[in-house]
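Here are my notes on this one, as promised. Have the sequence and the model open while you go through them.

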Amino acid sequence: MPSHAEACKSAAEPFGRVIFAAAAPVMARLRRLATAFRHRHDAAVLMGLDDRMLADIGLTRREVRQAFDEPVWRDPTELLADRVAGRRSARLVRRRAAPAIVPEIGGARALGGQIRRF
């Protein structure tokens, strides 16, 4: 015959799992909210940079202001990172789209039907 403690433990185990399962999404949302606030605070430093420094990062002052126009619970750094990544990928696509003027053949450039090694 199981003891009283064992019976209580076995009865409380499913209840504990239910509580944990219900609390897990709430805790995950609270963690995301805390991270968004921390990133918002960190991104506020960008407002103190001058336009040249923002351009070095790949941002404009307008984009930084737009990121802070989002609701408080949204992470402004995600929007800023997407803007920078989009601009960089567009720049890489443009670079790749332009063919070389002088084709390379085996590490050498072909000029006027002759192959010259540089």
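1. A cut-off before anything else: buried means under 20% relative accessible area, exposed means over 50%, and partly exposed is in between (1.4 Å probe, protein chains only). With that in hand, P76 counts as buried, at 0% relative accessibility. P76 lies in helix α4; helices (H or I, at least four residues) and strands (E, at least two) are DSSP runs, numbered from the N terminus.

2. Some ground rules. This is a predicted model, so local features need pLDDT of at least 70 and side-chain atom pairs count only at pLDDT 80 or more, while totals for chains, interfaces and linings use all residues. Residues are numbered from 1 along each chain as its sequence is written, and side-chain values use heavy atoms, with hydrogens and water left out.

3. The overall layout. The protein chain has four helices and three strands, and along the sequence they come in the pattern α-α-α-α-β-β-β. Of its 118 residues, 13% count as buried. The accessible surface of the chain comes to about 9,600 Å², with 62% of that belonging to carbon and sulfur atoms (areas are from the Shrake-Rupley method with a 1.4 Å probe; for residues, only the protein chains shown count as cover). Among contacts (heavy atoms within 4.5 Å) with a separation of 6 or more, 40% are between residues 24 or more positions apart.

4. Back to P76. Leaving aside neighbours within four places in sequence, P76 is in contact with A36, R40, A43, A67 and F68. The C-alpha atoms of P76 and V64 are separated by 8.3 Å, the two residues being 12 apart along the chain.

5. Now the core. The largest nonpolar core has eight residues in all: A43, L46, L54, L59, V64, A67, L80 and V84. By nonpolar core I mean a set of buried Ala, Val, Leu, Ile, Met, Phe, Trp, Tyr and Cys residues joined through side-chain atoms within 4.5 Å. Helices α1 (4-47), α3 and α4 (76-97) each supply at least two residues of the eight-residue core. As background, nonpolar side chains in soluble globular proteins tend to be buried together.

6. Have a look at α3 from the end. Which residues of α3 are buried? They are R61, E63, V64 and A67. Seen down the axis of α3, these buried residues fall within an arc of 165°, so they line one face of the helix (the arc is that of the directions from the helix axis to the C-beta atoms).

7. E63, in helix α3, counts as buried at 9% relative accessibility. Leaving aside neighbours within four places in sequence, E63 is in contact with G58, L80, R83 and R87. R61 also counts as buried, at 18% relative accessibility.

8. How many salt bridges does the structure hold? Three, each being a side-chain nitrogen of Lys or Arg within 4 Å of a carboxyl oxygen of Asp or Glu. D51 pairs with R61, the closest N and O atoms being 3.0 Å apart. D51 lies in helix α2 (residues 51-57) and R61 in helix α3 (residues 61-68), so this pair ties together parts that are 10 residues apart in sequence.

9. The other pairs. R52 forms a salt bridge with D56, with the closest N and O atoms 3.9 Å apart. R52 and D56 are four residues apart in helix α2, separated by about one helical turn, and both are exposed. R74 pairs with E70, their closest N and O atoms being 2.8 Å apart; R74 is partly exposed at 45%, and E70 is partly exposed at 27%.

10. Finally, the outside. V26, M27, L30, L33, F37, V72 and W73 form a nonpolar patch on the surface, with about 680 Å² of accessible area together. Patches are made of residues with over 30% relative accessible area and no salt bridge, with like charges joined within 9 Å and nonpolar side chains (Val, Leu, Ile, Met, Phe, Trp, Tyr) within 5 Å.
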